[in-house]
Amino acid sequence: MTTTASPHQTYCDRLVQDTPFLTGHGRLSEQQVDKIILQLNRYYPQILTNKEAEKFRNPRAALRVRLCNLLSHLQRSGERDCQEFYRALYIHAQPLHSCLPSRHALRPLGFLACLSVAAGLALLMYCCPPDSKVLPGARRVLGFSPVIIERHISRYLLTFLAEDLGGP
């Protein structure tokens, strides 16, 4: 199971962020919630005791109320319990797991990281003398960087490469 969450964001933090999404109408079915509760109870009885599992599976209470109570209980229980919830969610509701807000929060940073690398390479190439053999493969790497960065910036990088290679 891979995640895109920040290394500084704990599973408890993620659960706080994802709770409104998870408790939204129709996100998790009663069967999925029951399977998650049973997994936490059977495989990890220290996370959910039999009594707690019965309480969270009580069909007389509304599904949303039971789910909110379960998520609150896990947040109070600690990091490992929240992590095991995410593992159970991945197993029993993988499509929903991939749509969690905490998993998508840092995607724009990936783009900025790629842009920063490309800009750093461009600066290195600009500062190094043309006859330098320090970074012979840097031009090839920089030549592929327009594939990962936006059109406006790639135009300038390609112009820089063309001028340096004796182009227009």
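**View 1. The largest nonpolar core of this predicted model holds 25 residues.** A nonpolar core here is a set of buried Ala, Val, Leu, Ile, Met, Phe, Trp, Tyr and Cys residues joined through side-chain atoms within 4.5 Å, and buried means under 20% relative accessible area, exposed over 50%, and partly exposed in between (1.4 Å probe, protein chains only). Look for Leu 15, Leu 22, Leu 28, Leu 74, Phe 85 and Leu 89, the residues with the most contacts inside this core. Two or more residues come from each of helix 1, helix 2, helix 3 (50-56), helix 4 and helix 5. Helix 5 is the top contributor, giving five. A word on the numbers: residues are counted from 1 along each chain as its sequence is written, and side-chain values use heavy atoms, with hydrogens and water left out. As this is a predicted model, local features need pLDDT of at least 70 and side-chain atom pairs count only at pLDDT 80 or more, while totals for chains, interfaces and linings use all residues.

**View 2. Here is Leu 22 with the residues it touches.** Contact means heavy atoms within 4.5 Å. Setting aside residues up to four places away in sequence, Leu 22 meets Leu 15, Arg 27, Leu 28, Leu 67, Leu 71, Phe 85, Leu 89, Leu 96 and Leu 100.

**View 3. Helix 5 runs from residue 79 to 92.** Helices (H or I, at least four residues) and strands (E, at least two) are DSSP runs, numbered from the N terminus. With 14 residues, helix 5 reaches 20 Å from its first C-alpha to its last, close to the 20 Å expected at 1.5 Å a residue; that expected span is 1.5 Å times one less than the number of residues. Its buried residues are Asp 81, Cys 82, Glu 84, Phe 85, Tyr 86, Ala 88 and Leu 89. What sits over them includes helix 1 (11-22), helix 2, helix 4 (63-77), helix 6 (94-98) and helix 7 (101-104).

View 4. Neighbours within four places in sequence aside, Gln 39 is in contact with Tyr 44, Ala 88, Ile 91 and His 92.

**View 5. Gln 9 lies in the segment before helix 1.** With a relative accessible area of 22%, Gln 9 counts as partly exposed. Gln 9 and Ser 102 are 93 residues apart in sequence, yet 9.1 Å apart in space, C-alpha to C-alpha. Not counting residues up to four places away in sequence, Gln 9 touches Arg 14, Gln 17 and Ser 102. The side chains of Gln 9 and Gln 17 are joined by a polar contact of 2.7 Å. A polar contact is a pair of N or O atoms within 3.5 Å; within protein, one must be able to donate a hydrogen and the other to accept it, and residues adjacent in sequence count only if both atoms are side-chain atoms.

View 6. Cys 82 is buried, at 0% relative accessible area, whereas Cys 99 is partly exposed, at 44%.
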